[in-house]
Amino acid sequence: MQVTYQFHHDINLVFKILTDPTFLKQRALALGSLDANCDSRGALPDYQVKLVRKREINVPMVLSTFLKKIQTATTHEQWMQVNNTFNCENSTEIDGAPLTITGKVSLIPSELGCTFVADFETKAKIMFGKKKLQQYASKTISREIELECEYTARHLNSL
């Protein structure tokens with residue numbers, strides 16, 4: 001699945017904010033996480049970010065046997081720069097859900113600032129209800145990415 005968002009800000013500033021552990025923790029808490037921790041290490045071309053979020057999920061009844069209401073999501077990101085574009089490979093493991101999310105993010109320069117493109121795939125680790133869980137997760141993750149981008153844009157506008 002793919003989510004695209006247009007930032008009206010310089011690509012270097014957007015990259016800096018999207019990889020700032022303090023901002024990422026603040027954003028996670030502002031968007032409803034019960035707890036969040038974030039750290040980073042390295043430097044481009046191998047800059048790594050680890051974000052751990054504890055959150056309460058509104059689980060549909062049909063999936064409640066597979067999903068815990070309180071989940072801990074651990075996301076690992078590896079950022080690199082190719083010419084004027086920033087690329088990220090990421091994966092998320094969720095304690096409380098038999099699900100793995102893998103993806104790629106690109107920040108691409110544009111006339112208006114930069115374009116954020118996130119491609120991701122969900123993989124359920126169950127036999128029964130796999131397709132329903134993956135569809136639910138994809139829809140939920142798409143919405144979360146959109147909310148994160150909107151929050152990030154509001155933050156950038158306030159700088």
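Predicted model: local features only at pLDDT ≥ 70, side-chain atom pairs only at ≥ 80, totals over all residues.

**Entry: an aromatic pair**

I began with Phe-7, which counts as buried because its relative accessibility is 1%; buried means under 20% relative accessible area, exposed over 50% and partly exposed in between, with a 1.4 Å probe and protein chains only. Residues are numbered from 1 along each chain as its sequence is written, and side-chain values use heavy atoms, with hydrogens and water left out.

Next I searched the whole structure for aromatic pairs and found six. For these, rings of Phe, Tyr and Trp (its six-membered ring) pair if their centres lie within 6.5 Å; planes under 30 degrees apart count as stacked, over 60 as edge-to-face and the rest as tilted. Phe-7 and Phe-116 make an edge-to-face pair, at 6.3 Å centre to centre and 80° between the planes. Phe-7 sits in strand 1 (residues 2-7) and Phe-116 in strand 7 (residues 113-124), so this pair ties together parts that are 109 residues apart in sequence. Helices (H or I, at least four residues) and strands (E, at least two) are DSSP runs, numbered from the N terminus. Phe-116 is buried too, because its relative accessible area is 8%.

I then turned to Phe-15 and Trp-79, an edge-to-face pair with 5.4 Å centre to centre and 75° between the planes. The pair links distant parts of the chain, with Phe-15 in helix 1 (residues 11-18) and Trp-79 in strand 4, 64 residues apart. Both Phe-15 and Trp-79 are buried. Ring pairs also join Phe-15, Tyr-47, Trp-79 and Phe-86 into a cluster.

**Entry: the core**

Which residues touch the most other members of the largest nonpolar core? In this core of 41 residues, they are Phe-7, Trp-79, Leu-99, Leu-107, Phe-116 and Ile-145. A nonpolar core here is a set of buried Ala, Val, Leu, Ile, Met, Phe, Trp, Tyr and Cys residues joined through side-chain atoms within 4.5 Å. Helix 3 (residues 130-158) gives the largest share of this core, eight residues.

I followed up Ile-145: leaving out residues up to four places away in sequence, it touches Val-3, Phe-116, Ala-118 and Phe-120. Contact means heavy atoms within 4.5 Å.

**Entry: helix 1**

Which residues of helix 1 are buried? I listed Ile-11, Val-14, Phe-15, Ile-17 and Leu-18. Seen down the axis of helix 1, these buried residues fall within an arc of 165°, so they line one face of the helix; the arc is that of the directions from the helix axis to the C-beta atoms.

At the start of helix 1, a side-chain oxygen of Asp-10 comes to within 3.0 Å of the backbone nitrogen of Asn-12.

Strand 5 (residues 85-95) and strand 6 (residues 99-110) pair in the antiparallel sense over eight bridges; two strands pair if DSSP finds at least two bridges between them. Glu-93 has Thr-100 of strand 6 as its bridge partner. The hairpin of strand 5 and strand 6 has three residues between the strands, and in it Gly-96 takes a positive phi near 115°.

Strand 6 also pairs with strand 7 in the antiparallel sense, over 12 bridges, and their hairpin has two residues between them. Here Thr-100 stands opposite Lys-123 in strand 7.

I stopped at Gly-103, which lies in strand 6. Gly-103 is buried, with a relative accessible area of 12%. Its C-alpha atom is separated by 3.9 Å from that of Phe-120, 17 residues apart along the chain. Neighbours within four places aside, Gly-103 is in contact with Cys-88, Glu-89, Asn-90, Asp-119 and Phe-120.

Val-49 has its place in strand 3 (residues 46-56) and is buried, with a relative accessible area of 3%. Beyond four places in sequence, Val-49 touches a list of residues including Thr-19, Leu-24, Cys-38, Asp-39 and Trp-79.

Is Gln-71 buried or exposed? Gln-71, in strand 4 (residues 70-82), counts as buried because its relative accessibility is 5%. A polar atom of the Gln-71 side chain lies 3.1 Å from the backbone oxygen of Lys-68.

Definitions and conventions
Polar contact = N/O pair within 3.5 Å; in protein donor to acceptor, adjacent residues only side chain to side chain.
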